[in-house]
Amino acid sequence: MNIEDLLRPMITQIVNMMNKRVLLFISGGAVNLKDIFESLSSMKMLQYDIVMTESSRKIIPQDYIDNLNFRLIDSKSELTKAIREDDLILVPVMTRNTLSKCAAGIQDNLVATGIAEAIMMNKEVIIVKDSFDPQNSVNIALGFSKNAAYNKFILYYEDKLISFGVKFINSTDIKRTINARLSIMSNAAEDLYHENAIKNTVINKEEACNIKRLSGILTIEDIILATNDSKEIWVKEGSLLTPLAKDYIYNNEINVNYC
């Protein structure tokens, strides 16, 4: 394999990330802010549309926002347009107040209104749970998780939003989640996806190696598509795995067969 073949998947992935827009809804939480905004700012090619509550403007350091490639949204018309058109909707900071409002359908500010509209449009909404989570180590250390009944109350609201289709992650998963949602599949993975869609037969390992073998620089998207709910993939000797792909394989206990 020549250098062009090795670089092609990487270049394709980079080009795909350019001009992607992520809509951020930010409320005034304070847990793990530095880590959260460092993760967001490290993804230099992304463009962010940002909607903020009044409390978040007072609590979150302005330089955290300024480090992003962003546009601030402060009108309803711009908000609805961004919900319809942006590539990903993420809530990197959510307070218990905003959580309860969204679960109860209250729309008394632009953030709560936008999250409600996104849910009603059946858009995928991903929320970082650190600030409201009673099981977060920071909240525990601050003494905000001592009342078991209140913790149950907060987790009920989380479950309610999950029932609406909302997905919750920890701040440590921000980059991995964005990459998984926005990076395009390589040609090899795309071929494999269509192949698996029409195949319902069980094949042995030798046949799998010939038919389903992945090659080149493999991203997390390649692995997700290749596993297709299984725990085994076949990879050509000499292929390279990106760090995110390795993390996904390790965390999901996927067996890699090199052939």
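Me: How many of the six residues of strand 4 are buried?

Reply: Six of its six residues are buried, so read strand 4 as mostly covered. Keep in mind that this is a predicted model. Buried here means under 20% relative accessible area.

Me: Which strands pair with strand 4, and in what sense?

Reply: Strand 1 and strand 4 pair in the parallel sense, over four bridges. Look at Val22 for one of them: its bridge partner in strand 4 is Leu88. Strand 4 also pairs with strand 5, again in the parallel sense, over three bridges. There, Leu90 stands opposite Ile126 in strand 5.

Me: In what order do the six strands form the sheet?

Reply: The order is 3-2-1-4-5-6, and the pairing is parallel. At the edges are strand 3 (70-72) and strand 6 (167-169), each pairing on one side only. From one strand to the next, the twist averages 25°.

Me: How many bridges join strand 1 to strand 2?

Reply: Six bridges join them. Strand 1 covers residues 21-26, strand 2 covers residues 47-52, and the two run parallel. Take Leu24 as a case: its bridge partner in strand 2 is Ile50.

Me: Now the helices. Which strands does helix 2 lie across?

Reply: Trace residues 33-41. This helix lies across strand 1, strand 2, strand 4 (88-93) and strand 5 (125-128). Helix 2 runs at about 155° to strand 4. Then find helix 10, residues 174-182. Helix 10 lies across strand 1, strand 4, strand 5 and strand 6, at about 175° to strand 4.

Me: Which residues of helix 2 are buried?

Reply: Leu33, Ile36, Phe37, Ser39, Leu40 and Ser41. Next, ask what covers them. The cover includes strand 1, strand 2, helix 4 (62-66), strand 4, strand 5 and helix 10.

Me: How do I read a salt bridge?

Reply: Start with charge. Side chains of opposite charge can pair when their charged atoms come close. This structure holds 11 salt bridges. One of them joins the side chains of Glu38 and Lys34, at 2.5 Å, N to O.

Me: How many residues apart are Glu38 and Lys34?

Reply: Four, which is about one turn of the helix, and both lie in helix 2. The general idea is simple. An α-helix has 3.6 residues a turn, so residues three or four places apart point the same way.

Me: Which parts of the chain does the salt bridge between Asp49 and Arg71 link?

Reply: Distant parts: Asp49 is in strand 2 and Arg71 is in strand 3, 22 residues apart. Their closest N and O atoms are 2.9 Å apart. Compare the two ends. Asp49 is buried, with a relative accessible area of 0%. Arg71 is partly exposed, at 38%. Arg21 joins in as well: Arg21, Asp49 and Arg71 are linked in a network of salt bridges.

Me: Where do Glu117 and Lys76 lie?

Reply: Glu117 lies in helix 7 (residues 110-120), and Lys76 in helix 5 (residues 76-85). They form a salt bridge, with the closest N and O atoms 2.3 Å apart. The pair therefore ties together parts that are 41 residues apart in sequence. Glu117 counts as buried at 12% relative accessibility, whereas Lys76 is partly exposed, with a relative accessible area of 39%.

Me: How many aromatic pairs are in the whole structure?

Reply: A search finds five. For each pair, check the ring centres and the angle between the planes. Phe37 and Tyr64 sit 5.6 Å apart, centre to centre, with 35° between the planes; this pair is tilted. Phe37 lies in helix 2 and Tyr64 in helix 4, so the pair ties together parts that are 27 residues apart in sequence.

Me: Are Phe37 and Tyr64 buried or exposed?

Reply: Both are buried. Now turn to Tyr156 and Tyr157. Their ring centres are 5.8 Å apart and their planes lie at 50°, so this pair is tilted. Tyr156 is partly exposed, with a relative accessible area of 47%. Tyr157 is buried, at 16%.

Me: Which residues do ring pairs link into a cluster?

Reply: Tyr150, Phe153, Tyr156 and Tyr157.

Technical notes. Residues numbered from 1 in each chain as written. Predicted model: local features only at pLDDT ≥ 70, side-chain atom pairs only at ≥ 80, totals over all residues. Heavy atoms only, no water. Pairing = 2+ DSSP bridges. Axes fitted to C-alpha atoms, helices over the stretch in contact; angles between N-to-C directions. Contact = heavy atoms within 4.5 Å. Salt bridge = Lys/Arg side-chain N within 4 Å of Asp/Glu carboxyl O. Buried < 20%, exposed > 50% of the residue type's maximum accessible area, 1.4 Å probe, protein only. Phe/Tyr/Trp six-rings, centres within 6.5 Å; stacked < 30°, edge-to-face > 60°.
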